[in-house]
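Here is a short report for a first look. It starts with a question, then turns to the contact between chains and to the record.

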Amino acid sequence: MSVSSTGRVVPAWQGAWLRVEGYWAWYRRYWKSNVYSTGLQPLLFLLAMGLGFGSQVQAGPATGGLSYVHYIAPALLVSAAMQNAVGESTYPVLSGFKWQKDYLAVTATPVSPGQVLGGHLIWVTLRLLLSGAVYALIAVPFGAWLNAGAALVVVVGAVTGLACAAPVTALAATTYDEGVRFNAVFRFVVMPMTLFAGTFFPIEQIPVALRWLAWISPLWHGNELARGVTLGGLEPLPALGHLAFLAALFTVGAVLARRYFYRRLVV
Amino acid sequence: MTTLTETPRRGVLLRILPPGLYAGRASKLVERSILAYSRMWLVFASGVLEPLLYLVAFQIGFGRLVGDATGPDGQPMSYVAFVAPALLASSAMNGAVFDSTFNVFFKFRYAKTYDAMLATPIGPLDIAIGEISWAVLRGGLYSVAFFAVMAAMGLVTSPWALLLIPVALLIALAFAAIGMACATFLRSTSQFDYIQLAVVPMFLFSTTFYPLSVYPGPLQVVVQCSPLYHGIQLMREFAVGALHPGMIGHVAYLVALAILGIWGAARRLSGLLLR
């Protein structure tokens, strides 16, 4: 698609979509280098933890009376989506500002910084939907799903990932060094969240004094929603609460990110 | 004009290797790494923290989902005590591989640190030995911290368990050497996925989280080929003090891997850097 230089401003969605086209052109060529981290890794965890470790687990109250594979399959999808979303919003965003400088190049055209941010978030969402769908499909022959609610789990994964991507993008937009703080994010936020936010075991096993850490983590809300849509037992009111938390996190992150994008790209 | 009155007697390695490959200055590289990392203590602290979080997660989470596990001596043991030695082996592997691939690749391809070093009286084998020693030292530091927490949690029951630390160093050495040899083949950062592709399955499937008997027969053989499996077995057996002659085989496998890696890394580095 070409935009003629008439001095007109690109409509809001069209500008963002132009960015998505750019990402897609890159992805078509390099998708193979991402196959492992986006598609294969969650499957390996499903095999090792769901089937291998799960063979040692007795179905009981902790797993809601379900076998361990069924218990963790939805949560593994959401946790992989969270990790992908954070990964895609750290170094790639910093690179757009600092190393490849494609954000600077694009904002020299009629595309605005807000549209650059929108394009990034849309692209992350599409990637999460794609990798979630691939995981969900390959997990079928391993008997990981109880019903077609698995399709909704893919959507929950994308929503949770997006809620994490927005604030991390804001952080990346205010990073001017080589991104050392991202290592801290991975080690002190993402990794503990993966272990303790109810992906592998119910958070009721965490001492009460520390359980609030799980409650404020977006992954726990995503896990609850994901289990709810495929394993059942989700009441409307808690579901709305989880969605509201994720929406609030996304909104705060997106508003901050938009402000920082304008600050850094408009001279 | 000065005359050399006396050449100091050199070590056997210096006499048998081709001149220029090794200058006996590997310790200078370790010194450099210590200096470079002295300002990055946070990286170290977080490296210590990660396996500890895993240990806590197994204590309060995973361990309560399963009953007792069967130890290497056939005695029942708590699941946390079953997993802890395996986590120590895996973290030794992860730390060593991380240090010897990502960091070596960066210094090799982008920072050109090694080109600069070779302009001084330092040879490729010094670089290989120096960088591998640093990776092992770093892995050793992490394993001492991990062992201390294991002891504090009451998971150390046998005096033989003190040998977990040298075993962790051996695992770190073997994987650092192989990792460094592999790092010289990498061309771009997107190929780091290949390293993950080797390390993560090894971490997940080398009987880290559940016994070998979970696998069907033919798969058991495949798992037993993994070097991490031998490291984990060695750790588990020392942790409870169940000694047997088969442990020599585990050690031999890891030593062979280390020798192969050091030889390969030095060969590749001299081929690539001394053109």
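## A salt bridge

Which residue forms a salt bridge with A:Arg187? B:Glu50 does, with the closest N and O atoms 2.8 Å apart. A salt bridge here is a side-chain nitrogen of Lys or Arg within 4 Å of a carboxyl oxygen of Asp or Glu. The rule finds one across the interface of chain A and chain B.

This is a predicted model: local features need pLDDT of at least 70, side-chain atom pairs count only at pLDDT 80 or more, and totals for chains, interfaces and linings use all residues. Residues are numbered from 1 along each chain as its sequence is written, chains are lettered from A and ligands numbered from 1 in the order written, and side-chain values use heavy atoms, leaving out hydrogens and water.

## The interface

In chain A, 30 residues are in contact (heavy atoms within 4.5 Å) with 28 residues of chain B. The two chains bury about 2,700 Å² between them, 78% of it on carbon and sulfur atoms. Buried area is the accessible area (1.4 Å probe) lost on putting two parts together, summed over both.

## The record for chain B

UniProt, in an unreviewed entry, lists residues 41-62, 82-106, 127-154, 160-182, 194-212 and 247-266 of chain B as "transmembrane region". Such annotations may be inferred rather than shown by experiment.

Residues 127-154 of chain B are 93% helix and 0% strand, with end C-alpha atoms 40 Å apart. Residues 247-266 of chain B are 100% helix and 0% strand, and their end C-alpha atoms lie 29 Å apart. Helices (H or I, at least four residues) and strands (E, at least two) are DSSP runs, numbered from the N terminus.
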